[in-house]
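Open the model in your viewer and keep the selection panel at hand. The stops below say what to select next and what is there.

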Amino acid sequence: MAADSLINWGLLSLNAPGWGGVLLQGFFNSIQIAVGGFTLGLALGIGGAFGKLYGGPVLRDLLECYTTVVRAVPELVLILLLYYAGTDLLNQVLALFSIGPVDISGLMAGIFVIGVVQGAYSTEVLRGAIKAVPAGQIEAARAYGMSPTKVLRRITLPAMLPYAIPGLSNLWLIATKDTALLAVVGFSELTLVTRQAAGTTKAYLLFFLAAGALYLALTLVSNVFIGMLERHARRGFAESR
Amino acid sequence: MTDETTHAVAFTPEDLPTAKSFFVPHRIVMMLVFAAFVVAVAVFMRWDWLPRYLPRLGWGILVSLVMLFSTAILGFLLAVPIGLVQVTGPWFLKLPAKIFCTVIRGTPLLLQLWLLYYGLGSLFPQFPAIRQSFLWPYLREAWPYGVAALTISFAAYEGEVMRGAFAGVPPGELEAAKAYGMGRWAMFRRIWLPRAIHRALPTLNGETVLQLKSTPLVATVTVVDVYAVISKVRQETFLTYEPLLLLALIYMCLTGILVVAFRTFENRIPTRGA
């Protein structure tokens, strides 16, 4: 078997006979969902962490249920449940206000699903980070008469950042990989389009390896930025190692 | 992945509630509300399909658990050398181990699984030598690819954990072992490995819960685990929520049992500071 018939590089070309363009479009969708889901998760996580630390007993227990369920049930099952329940619920709420059913785009649904899952994870990460901030700093801010939102904005959030960044960067990497699970609900992100391309052309190994290279590149590039961010956030810290 | 992240992503023994913590007034009210919700779910949703599928569900749970434990054990056996060579090995072992961990941890498990199942699965039949070998009846099934993908992924994540654990064993303990005249193998077997496992145990347990959360992926390559059984129920009964809620409940129970077992196991290991 000749080498050029074993690997048909032409299949990866960007234009119509090749599938490269489709793959890159799927990759772009994956990144969009990862960014959106991670951002939504971060917003939920900040709210969740503050609720868990400073909220009332009922709020705390509800948040505990949320993080427990998400951490104990496989992402795949959560994604299916949220994907159907989320779109269904939205349409039922809209029907209550007598607005016709809307067709929710796969992108929005995907961001919502990944965001809810990431929200529970980042609640836990941020809660740990906030607890690592020396209590005296927050007390000092209160003693200077800062309002709770000002304490949050000026002291707690900036001071917890160095503790949160390692965990949050891991969550970002998890988010990029969790987007692959949306293939199961039929959203055309990188893994699903790869499978379609591979199924059509029968060049399974080529396409799956190409997609793997794209995911790996995303991880490695992210790692470079994470390293820079971490050094920036830890400036002024005594070097522990 | 650091210990803290494993804790943030997987349910761990520290999160288990104590019996006493339930008897607080607001919790009793919340539990009553939750009980009412459960009753409403049981009464107003359709559960008549359940008895018919019960044997298959039990079988599916068994398959999921076999997948979990076989891949966790195989993966751990692979992870020990992968972690060890990264700490003490020569560069020609260190480098491949590092690349293996980076590549596997940098790509989604679903992609790896499909690469093995569709990619290798389509490649194997082209070689007559493989078709005629004794392995062929197995390679035509789906489960070896599921086991392989889950094992490889677990080995990569655990390899990283074990690397940290091996590096974290205090050098004084290893020097003491050397001073007692232990050989390299005896030192590894008696001191280094047990101490590393001891240090890594909480993370290992968290990773095992994560592995349980990864097992439903094998259903996408036609292994009939509990997730696949529920998918079948959904196709045959046209129900959306009931089977999925049951599935979430099953996984929560499995995670709970696993975590309680780990806590018992961790408590049995004596720990004592100097």
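This is a predicted model: local features need pLDDT of at least 70, side-chain atom pairs count only at pLDDT 80 or more; totals for chains, interfaces and linings use all residues.

Residues are numbered from 1 along each chain as its sequence is written, and chains are lettered from A and ligands numbered from 1 in the order in which they are written.

**Chain A**

Select chain A and colour it by secondary structure. There are nine helices and zero strands; helices (H or I, at least four residues) and strands (E, at least two) are DSSP runs, numbered from the N terminus. The C-alpha trace spans about 75 × 60 × 30 Å along its principal axes. Of the 241 residues in chain A, 41% are buried. A residue is buried if 20 or more other C-beta atoms, placed from the backbone, lie within 10 Å of its own.

**Chain B**

Switch to chain B, which has twelve helices and zero strands. Its C-alpha atoms fill a box of roughly 70 × 65 × 30 Å along the principal axes. Buried residues account for 35% of the 274 residues of chain B.

**The interface, from the side of chain A**

Show both chains. How many residues of chain A are in contact with chain B? There are 41 of them, and they meet 37 residues of chain B; two residues are in contact if their C-beta atoms, placed from the backbone, lie within 7 Å. Now select helix 9 (204–233) of chain A, one of the elements that give two or more residues to this side. Helix 9 of chain A gives the most, with nine residues. By class, the side of chain A that touches chain B has 28 nonpolar, seven polar and six charged residues. Ala, Val, Leu, Ile, Met, Phe, Trp, Tyr, Cys and Pro count as nonpolar, Asp, Glu, Lys and Arg as charged, and the others, Gly among them, as polar.

**A helix pair in chain B**

Select residues 50–88 (helix 3) and 91–106 (helix 4) of chain B. These two helices pack at an angle of about 125°, with their axes 8 Å apart. That makes helix 3 of chain B oblique to helix 4 of chain B, because angles under 35 degrees count as roughly parallel, over 145 as roughly antiparallel, 65 to 115 as roughly perpendicular and the rest as oblique. Finally, show side chains at the contact: helix 3 of chain B brings Ile82(B), Val85(B) and Gln86(B), and helix 4 of chain B brings residues including Leu93(B), Ala97(B) and Phe100(B).

Definitions and conventions. A residue is buried if 20 or more other C-beta atoms lie within 10 Å of its own, exposed if 12 or fewer, and partly exposed in between; C-beta atoms are placed from the backbone. Axes are lines fitted to C-alpha atoms, for helices over the stretch in contact, and angles run from 0 to 180 degrees between N-to-C directions.
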